[in-house]
Amino acid sequence: ASDVYKRQVNDIDADFSRFIAFFTYGLTDHLDVSAAIPIVDASLRATSSTRIVRVGTASNPAVHYYRDPQGGFGDSREFLASGSASGLGDVLLRLKGTAPRSGPTRLGFLADVRFPTGDEEDLLGSGAWGVKPLIVVSWELGRFSPHVNVGYQWNGQSVLGGDISTRQKADMPDQFLYAGGAELGVHKNLTLVVDLIGQKVVDAPRLVEKTFTAADGSTFEQVGFERSSYYVNDLAVGLKVRAGGSHLLDVSVLIKLDDAGLRADYSPLVGFEYSF
């Protein structure tokens, strides 16, 4: 009925953690191949608080209502849903190479292929193939080494880009990737790393704020969908600690610099490397 509307407020709490095993094998002095195998733990909790808003002349609350567990009825109700999953994520295969050194300047490249091995319906993976070429330029200026990365990510089709309820697939958004930062050798066993990491997500579906106007002129906030491109920027700050011999400890934190996309304010990372 035109004199009754539903106001709904949704809250989503998402938690993700990853353990990634990364293996690298040197094919030549300037070329190596790597494989990244992630184990993902995902949990999602959604709360929806709904309330019937009566803006017309109808006064009978039983015409439109929510029934409570005791058999009564009222104008509001809260719905809860949650779920969790753990398992293999999307496996990544990487080819990385460097050009012969030319003074302090070093030029490198890498090419990633992402395999859709993670279950996209459980949010463990993307459900789509992906290919990412990337160019890296760095300079060695004593203990100070700045670098710049530029790349592009092509993605295939997934139900996450289409309609998961009908299992209709559509293209996942592509991304233009860029990064710039520097490494500073504080000590022979300690290096400070700072990076600005960004991406432009191309032609992606987005939630946007809209206004709904009722028949009596009342206005209500609501959300809708549109396709547009947007930027995501983060700051990464970390330390590399040589723990003796061929052991290396990486500790860093990723700090979001804008509100684009669904991501945490801070994402810590701890890594351990061993070469033989």
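Me: Is valine 148 buried, partly exposed or exposed?
Reply: Valine 148 sits in strand E9. Buried requires under 20% relative accessible area, and exposed requires over 50%. Valine 148 has 39% relative accessibility, so it counts as partly exposed.

Me: Where is confidence lowest in the protein chain?
Reply: The chain averages a pLDDT of 86, and 89% of the residues score at least 70. Confidence is highest in E9, at 96. Where pLDDT is low, predicted coordinates should not be read in detail. The lowest mean, 61, belongs to residues 66-67, strand E3.

Me: Which elements give two or more residues to the largest nonpolar core?
Reply: This core has five residues: Val201, Ala204, Tyr230, Val232 and Ala260. The elements that give two or more of them are strands E13 (190-213) and E14 (219-242).

Me: Which residues of that core does tyrosine 230 touch, leaving out those up to four places away in sequence?
Reply: Beyond four places in sequence, the contacts of tyrosine 230 include Gln199, Lys200, Arg206 and Gly261. Its contacts also include members of the core.

Me: How many residues apart are aspartate 112 and arginine 94?
Reply: The two form a salt bridge, with the closest N and O atoms 2.7 Å apart. Aspartate 112 is buried, at a relative accessible area of 3%. Aspartate 112 lies in strand E7 (residues 105-114) and arginine 94 in strand E6 (residues 92-98), which puts the pair at a separation of 18 residues.

Me: What is the sequence separation of the parts tied together by glutamate 140 and arginine 106?
Reply: Their salt bridge has its closest N and O atoms 3.9 Å apart. Glutamate 140 lies in the loop between strand E8 (130-139) and E9, while arginine 106 is in strand E7, so the parts tied together are apart in sequence by 34 residues.

Conventions
Residues numbered from 1 in each chain as written. Predicted model: local features only at pLDDT ≥ 70, side-chain atom pairs only at ≥ 80, totals over all residues. Heavy atoms only, no water. Helix = DSSP H or I, 4+ residues; strand = E, 2+ residues; numbered from the N terminus. Buried < 20%, exposed > 50% of the residue type's maximum accessible area, 1.4 Å probe, protein only. pLDDT = per-residue confidence, 0-100. Core = buried A, V, L, I, M, F, W, Y, C linked by side-chain atoms within 4.5 Å. Contact = heavy atoms within 4.5 Å. Salt bridge = Lys/Arg side-chain N within 4 Å of Asp/Glu carboxyl O.
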